[in-house]
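Subject: A structure for you to look at

Hi,

Here is the structure I promised to pass on. Please open it and keep it beside you while you read my notes.

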Amino acid sequence: MTIPEVTLEVRSVRSNSPDPVGQRFSIQRSPSVVGRAADCEVVLKDPTVSRLHLRIDLESDRICLTSLSRRSQTVVDGRRLDAGARFESRYRPLSIIVGTVECSLDVSFETPELGYSQLASELTDVPTSEERTLDVPGLNAPPRSGTTGRLDVGPRLAPAATPAPAQGQLADSPAGPPFFHVIEGRASAAVSLRGKWLELPRMTALALSALCRSPGVPVAEEIIERASGSESMVTKHISIIRSAIRDLIERGDLQSSEILRQIGHYPGHNLDELSELSVEELMRKFISSRRGFGYILHVRADEVVVELTR
């Protein structure tokens with residue numbers, strides 16, 4: 001991934017501050033230090049700024065901010081950082097307060113962000129096919145075998161060894177594509193459900209990827225935020241994911257019994273009651289909110305495959 005152009009702009013200061021509003025600094029070195037010292041890469045003269053106040057590290061896929069000040073505040077996107085505390089995020093705009101100087105950190109990529117169809121086509125190394133189920137060019141090509149960094153979240157079970165279900169139980173997942181297949185590359189992700197690629201915004205696909213890494217386990221909102229690179233957007237991401245899966249069901253590309261099969265794998269769910277729910281209600285059960293613990297994705301671990309690409 002190409003490291004974007006990063007700039008820091010002074011947005012607000014005290015009335016008697018020596019730092020002018022609108023002053024801009026280009027962050028060209030890594031690490032770069034913000035502070036009053038003359039040899040800092042970003043020099044702010046306000047007395048509330050420490051001599052060495054904030055360190056900025058530009059990494060290949062993220063930006064890291066470390067507070068160096070013990071006497072004055074450092075706040076990044078509303079989170080106060082104690083001395084030595086580190087804030088990491090994918091490249092995106094950030095609000096920063098050092099002392100009493102409020103700044104905005106902006107990023108600008110030289111090349112436009114990859115589209116989802118281009119991402120999936122590039123990651124799978126398969127040309128765009130004109131024969132596809134969904135009207136998403138390039139997203140229905142089968143994943144390339146042997147993709148670098150394949151990670152099975154759970155052990156794959158041999159369908160032939162699966163016993164017949166008892167009365168009142170759902171059959172195990174059928175042979176074929178995994179329930180969730182995630183392909184992660186660069187700062188993007190593509191996710192398919194039973195071989196059908198979900199039409200998701202980039203950050204939402206990354207949020208779903210974070211959930212797929214811990215199926216059946218509550219995932220804290222902070223983890224989803226960090227994975228997707230978006231703050232205070234988790235609820236919206238979950239809503240978009242539910243809607244995308246619901247659309248597959250309503251179009252007939254996915255049977256609701258597939259969702260019931262996944263949820264029914266977990267104790268405490270009554271299949272008779274689940275089968276009476278609307279698709280919308282079923283989606284809320286499938287990706288449910290555990291207040292105080294984040295979100296839990298009810299899917300069998302052996303039905304999730306995550307592939308990492310360079």
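First, a term you will need: two strands pair if DSSP finds at least two bridges between them. Keep in mind too that this is a predicted model.

**The sheet**

Start with the open sheet of five strands. Its order is β4-β3-β5-β6-β9, and the pairing is mixed. β4 (42-43) and β9 (86-89) are at the edges. Each has a single partner strand, so one side of each lacks a neighbour in the sheet.

Now look inside the sheet. β3 (residues 32-35) pairs with β5 (residues 54-58). The two are antiparallel and share three bridges. One place to check this is Val33, whose bridge partner in β5 is Arg55.

**The cores**

Next, the nonpolar residues. In soluble globular proteins, nonpolar side chains tend to be buried together. The largest nonpolar core here has 37 residues. Which of them have the most contacts inside it? They are Phe180, Leu198, Ile245, Ile259 and Phe286. Several elements give two or more residues to this core, including β13 (180-185), α2 (202-212), α5 (256-263) and α7 (279-286). The largest share comes from α4, with seven residues.

Leaving out residues up to four places away in sequence, Phe286 touches Phe179, Phe180, Ile245 and Ile259, among others.

The structure holds three aromatic pairs. Phe179 and Phe180 make one of them, and this pair is edge-to-face.

Phe180 and Phe286 have ring centres 6.3 Å apart. Their planes are at 20°, so this pair is stacked. The pair links distant parts of the chain: Phe180 is in strand β13, Phe286 is in helix α7, and 106 residues separate them. Phe180 and Phe286 are both buried. Ring pairs join Phe179, Phe180 and Phe286 into a cluster.

Is β14 (188-193) enclosed or open? Six of its six residues are buried, so β14 is largely enclosed by the rest of the structure. In a regular strand the side chains alternate between the two faces of the sheet. You can follow both faces in β14. Ser188, Ala190 and Ser192 are on one side, Ala189, Val191 and Leu193 are on the other, and all are buried.

β14 runs antiparallel to β13, and six bridges join them. Gly185 has Ser188 of β14 as its bridge partner. β14 also pairs with β15 (residues 196-197), again antiparallel, over two bridges. There Ser192 stands opposite Trp197. The hairpin of β14 and β15 has two residues between the strands. In that hairpin, Arg194 takes a positive phi near 50°.

**A helix with a buried side**

Helix α3 covers residues 221-228. Which of its residues are buried? They are Ile224, Glu225, Ala227 and Ser228. These four cover an arc of only 165° around the axis, which puts them on the same side of α3. What covers them includes β8 (79-80), α2, α4 and β17. Just after α3, Gly229 takes a positive phi of about 75°.

**Salt bridges**

Finally, the charged pairs. There are 18 salt bridges in the structure.

- Asp77 and Arg92: the closest N and O atoms are 2.9 Å apart. The two are 15 residues apart, with Asp77 in the loop between β7 (74-76) and β8, and Arg92 in the loop between β9 and β10 (94-98). Asp77 counts as partly exposed because its relative accessibility is 25%. Arg92, at 11%, counts as buried.
- Glu88 and Arg86: the closest N and O atoms are 2.8 Å apart. Glu88 is partly exposed, at 32%. Arg86 is partly exposed as well, at 42%.
- Arg251 and Asp253: the closest N and O atoms are 3.4 Å apart. Arg251 is partly exposed at 45%, and Asp253 is partly exposed at 23%.

One last item: salt bridges that share partners join Glu59, Arg62, Arg86 and Glu88 into one network.

Best wishes

Definitions and conventions: Residues numbered from 1 in each chain as written. Predicted model: local features only at pLDDT ≥ 70, side-chain atom pairs only at ≥ 80, totals over all residues. Heavy atoms only, no water. Core = buried A, V, L, I, M, F, W, Y, C linked by side-chain atoms within 4.5 Å. Buried < 20%, exposed > 50% of the residue type's maximum accessible area, 1.4 Å probe, protein only. Contact = heavy atoms within 4.5 Å. Phe/Tyr/Trp six-rings, centres within 6.5 Å; stacked < 30°, edge-to-face > 60°. Arc of directions from axis to C-beta. Salt bridge = Lys/Arg side-chain N within 4 Å of Asp/Glu carboxyl O.
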